[in-house]
There are 4 protein chains.
Amino acid sequence: MISFRNDYSEGAHPSVLEALSRSNFETTCGYSMDPFCRHAADTVRELTDCPDADVHFIVGGTLANTIVISAALRPWEGVIAATTGHINVHETGAIESSGHKVCAIEATDGKLTPALVREVMRIHCDGKDEHMVLPRMVYISDATELGTIYTKAELAALYEVCREYDLYLFLDGARLPAALVAQGNDLDITDFGKYCDAFYIGGTKNGLLFGEAVVITNDALKPHFRNMIKQRGGMFAKGFLFGVQFDAYFKDGLWLDMARHAVTQAQRIAKAAQEKGYTLYAQSPTNQVFVVLSHEKIAELEKNFAFEAFGHVDDDHEAMRFVCSWATKPEAVDALIESL
Amino acid sequence: MISFRNDYSEGAHPSVLEALSRSNFETTCGYSMDPFCRHAADTVRELTDCPDADVHFIVGGTLANTIVISAALRPWEGVIAATTGHINVHETGAIESSGHKVCAIEATDGKLTPALVREVMRIHCDGKDEHMVLPRMVYISDATELGTIYTKAELAALYEVCREYDLYLFLDGARLPAALVAQGNDLDITDFGKYCDAFYIGGTKNGLLFGEAVVITNDALKPHFRNMIKQRGGMFAKGFLFGVQFDAYFKDGLWLDMARHAVTQAQRIAKAAQEKGYTLYAQSPTNQVFVVLSHEKIAELEKNFAFEAFGHVDDDHEAMRFVCSWATKPEAVDALIESL
Amino acid sequence: MISFRNDYSEGAHPSVLEALSRSNFETTCGYSMDPFCRHAADTVRELTDCPDADVHFIVGGTLANTIVISAALRPWEGVIAATTGHINVHETGAIESSGHKVCAIEATDGKLTPALVREVMRIHCDGKDEHMVLPRMVYISDATELGTIYTKAELAALYEVCREYDLYLFLDGARLPAALVAQGNDLDITDFGKYCDAFYIGGTKNGLLFGEAVVITNDALKPHFRNMIKQRGGMFAKGFLFGVQFDAYFKDGLWLDMARHAVTQAQRIAKAAQEKGYTLYAQSPTNQVFVVLSHEKIAELEKNFAFEAFGHVDDDHEAMRFVCSWATKPEAVDALIESL
Amino acid sequence: MISFRNDYSEGAHPSVLEALSRSNFETTCGYSMDPFCRHAADTVRELTDCPDADVHFIVGGTLANTIVISAALRPWEGVIAATTGHINVHETGAIESSGHKVCAIEATDGKLTPALVREVMRIHCDGKDEHMVLPRMVYISDATELGTIYTKAELAALYEVCREYDLYLFLDGARLPAALVAQGNDLDITDFGKYCDAFYIGGTKNGLLFGEAVVITNDALKPHFRNMIKQRGGMFAKGFLFGVQFDAYFKDGLWLDMARHAVTQAQRIAKAAQEKGYTLYAQSPTNQVFVVLSHEKIAELEKNFAFEAFGHVDDDHEAMRFVCSWATKPEAVDALIESL
């Protein structure tokens, strides 16, 4: 059985594991107060060109999203997201469990636009009706849950509309590395600090054992963030493991190399699928490919491959998701392409 | 600088790291649905003699506590704890943030007793006053936050009083391994399933990179627990890392060996401190030692050793905490003893 | 200025005020434990033919909705509602603030159908995906926020689909009296107990100073409901005021007389509007009328009448809401009709 | 049966009822946006000498407390209260249900002091430990739950310590009128705005049908407070009922007259009890009297009088609470005194 289920089915890149082994007996201290984290945070600040940003390492995406959003919002405030947004679908109501409404709106390709943000604001009477939730943040992801990516112009336009309505812009970067190396991407890692109030660079889905590096550029979101991390259970005891891993991650561009591998392999699938006449459910240039398949074809493929259903198409067809990772073997992709 | 700050300042036992390396490229699936976790869960069930228990792996103690407690309680219910209980002091209000009151009561040595539970119930009108929170769970830890341990008779008595008042008994076992190997302990690992509705076996503070194994024996607490894990951000993407680590942990009694080492070293400090005439702040037979020191002595020790303040004693004295771990070197203890 | 703003702009029906005066100096006790409430609750049980129901009086709709929903749901569960549902729009995120997602779906005329419920369940993988909220309740209102009403067949069908998916059915009856006397209604007050797990009979919007009578028929929702009322701030100190008012309300059918008056007057507006060629935004047979008006006409009417905007139609038109109540004077309606 | 159970067992003062009747058919608008509320709010601002304060009317104490506290605090912040504080005991965990810890400390006579506030801050490492809740508000009540009152010097001292630690000072004034007319009181109604960031003047327990007038003087607590009121279910549909009642309340000092009556009657009981050799459980100069009685005496009194248990004294004795109100008849007190 060859798996295209997700990008977190293997451990970590050997260089990361090696770094963990190397530092294993160095006594530091807990809770990311250690020199490894300090160094990794400095690296993130430098890399993103955000010298004044606060950098926090969090163990996974749902925690990162919940902590950032619930730390930023007051009780009566909500967060705008695409209906396909991870926080709206796949976090078992984590944001609502922290007390906040996700103001979801249908979005083509999983991408929010200024027009959609305006529409949500209009529905909420531009925040002037006290009987309604006050939207205060925009949540986007890059790459999105559909594998699509934002252009620089699109991100800049969202930034503008957020300033107009006094909305924080928060970018979920669980698959940011894949977006950065995708064809069509014109965003540089230094752009996110310019256009977002907070964002994160994912590690879990790109070759670390775990870890997301949250970058907070807006001063209003900085105070007491660690209290919030602790309260939500995100204060990792052996926090130095973040530092050690992220240091290895950023060294010599390993993180982008891993992402490039994942994207390259996934795009081979996408290209082959199209050549074979399949419809793609979403135009993803990143490491996830969504192919519309008949139930018959799905059953046939399932004999040798593991992959997941993503969306209903019609009575006979389903959109299936194929994910490649830093660890995907080219021969595995060869085999899948052959079977398609 | 020699550190006695805590038991999570180093990575993992070499056997654990090795297991991680060995399995690094095995493709499994996410979210602890993999064979490693299945095997580790079976091991836990066998080890604890709880064949019908649900076993869940969670990344740390605060998450484990919050998830178990908030999954168990209805909105109007609260949890009884010693004022020194971790959930009452050191989790930044995590339990309250999930909507529940911690009904705290002063307890000698950090240990709850049936009398104290009865007293909390009396204060809450035995749960009959609808203007008050209804206590529905008792939270204890073994070893406690003061390093003390419960005897079998004490745990059994708590179990009895919990049945009488329809209270769940939940045991935080972040340092359970240290308790099990402590002098004076008469509890067997198979006792916890008998007397608790839920408990966990800590790994983070005893030689794993991270991980607590939550054991749920009460059927009422089982349904939809994974929904709760996900909602609270505790659904670890690369869940197989739990399985791999815990398999190594339980193999050939490694977990108890590590705990034994930590306790042995800590008790050397305790013995020496007493012999040198220092007062111990708590009678801990486990891997934490609490020594009453003058400010002068503290300043002197801080030149070469790292350790933390635990409690105020008087104008001139403070109780300081010294923690040993699986990784503490005997020579480090020698040096500390000499300097005491 | 003649107001058609809402149905809660005047005090109470004189009979209700009189009852309050009459009983003003009778010493009872607090928190609805008094004989007045006992009697009123008995009346509700008899009237609704729900001899075993628990009846609770709550001061307003948002509190009633929040208390019922948050008392019923476990943390990982959500409530299905039409996007136009009061809980989804006009309660400033009260349900989310209690930790639960409102799983909203577009619904014609503000009415949920079995097909829509099934669609929400399908989107949520029939409750089998632990990464998603588990829908556990269906929230409807009768009359709806658009003034429309459910037929007996429609309510029965919703009941069936709820049984199939293990969903509670909860009916917001803030304007139930208006629905009961509306043309086309074939629901009897005894039907709600048959088809709903909980529902309420509104008083605030139909001639009481305040008060909603919540009827809980499902045993699973009964325990500790008063704890929840207290916790959410809904435990009214002078609870006997509910009993006194509802006794007057149900006496000699006053409640239906008041509703009939409101509906009659509103339908006069609806009829006139249609005769004059206006489009109705919703086909409401109850005490709210939604008329599509040009901005010019709105400006003209606003000189003499107070009413509210309800929904955007196009660049030139807006749907405006006109509400009649037990206190609306027929001459006021005459004047409005003339000006239309 | 003569009742001394509480001060909310009768309706409203006749002048209040009369005002409600008089204005009953005046059409206004909902949600306290009406001229009655505007006028009453102006009166409150003038009376309290807080020209810039925001004034909000809320239906009861638990709602007022929860709304003020949860609107003020960020998720990681807590509120300091005496263990006897209403929010700590008798609101079924309402504050915790909004996500915040009540940092409770034992206080003589139910009164917090600067020393106690300092002690809570010390326990919480002066707010510098991110693993702990950050105390951010002090909650007191005047009169307290034990009927005791604060002097001007005491309140001023609390204000000072709050400034020092950056704590909001919030005063629950459910029984503020009784405090103001009590012997020993030297606080003027204009003092509360000077020393508190928010406080309220109770109406429910002093002759209104319902209603508390919340006064917010600290600008930081003002924005979006009405969103919070709505979200917590406190947005009263017929808000004008607050305005009408409070206008009558403040007219010609009716509110103080009512309080004076209640206090006078209660103090007659206190004096008689002491003369007859009973111990008072608390030195309350207000409208609640706490008398230590034997079980035998309690049983005897219960034949003719209704009153409530307040606290355990010893195996043979209980502290019983006797409450007088604006409606208590002097003859009722005569009868009680005779039976004591």
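Which residue of β8(B) is the bridge partner of B:Ile201? Keep that one in mind, and I'll get to it in a minute.

Some housekeeping. This is a predicted model, where local features need pLDDT of at least 70, side-chain atom pairs count only at pLDDT 80 or more, and totals for chains, interfaces and linings use all residues. Residues are numbered from 1 along each chain as its sequence is written, chains are lettered from A and ligands numbered from 1 in the order written, and side-chain values use heavy atoms, leaving out hydrogens and water.

Helices (H or I, at least four residues) and strands (E, at least two) are DSSP runs, numbered from the N terminus. We've got an open sheet of seven strands with mixed pairing, in the order β2-β8-β7-β6-β5-β3-β4; two strands pair if DSSP finds at least two bridges between them. At the edges sit β2 (54-58) and β4 (102-105) of chain B, each pairing on one side only.

Back to my question. Strands β7 (residues 198-202) and β8 (residues 212-216) of chain B run antiparallel, joined by five bridges. And B:Ile201 has B:Ala213 as its partner in β8(B).

On to helix α11 (residues 240-250) of chain B, which meets helix α2 (residues 35-47) of chain B: their axes come within 7 Å and cross at roughly 40°. Axes are lines fitted to C-alpha atoms, for helices over the stretch in contact, with angles from 0 to 180 degrees between N-to-C directions. α2(B) and α11(B) are therefore oblique to each other (under 35 degrees is roughly parallel, over 145 roughly antiparallel, 65 to 115 roughly perpendicular, the rest oblique). Residues making the contact (heavy atoms within 4.5 Å) include B:Phe36 and B:Leu47 of α2(B), and B:Phe240 and B:Phe250 of α11(B).

α11(B) also lies across β2, β7 and β8 of chain B, at about 75° to β7(B).

Last one: helix α1 (residues 14-22) of chain B and α11(B) have axes that come within 9 Å and cross at roughly 140°. That makes α1(B) oblique to α11(B). Among the residues in this contact are B:Val16 and B:Leu20 of α1(B), plus B:Leu241 and B:Ala248 of α11(B).
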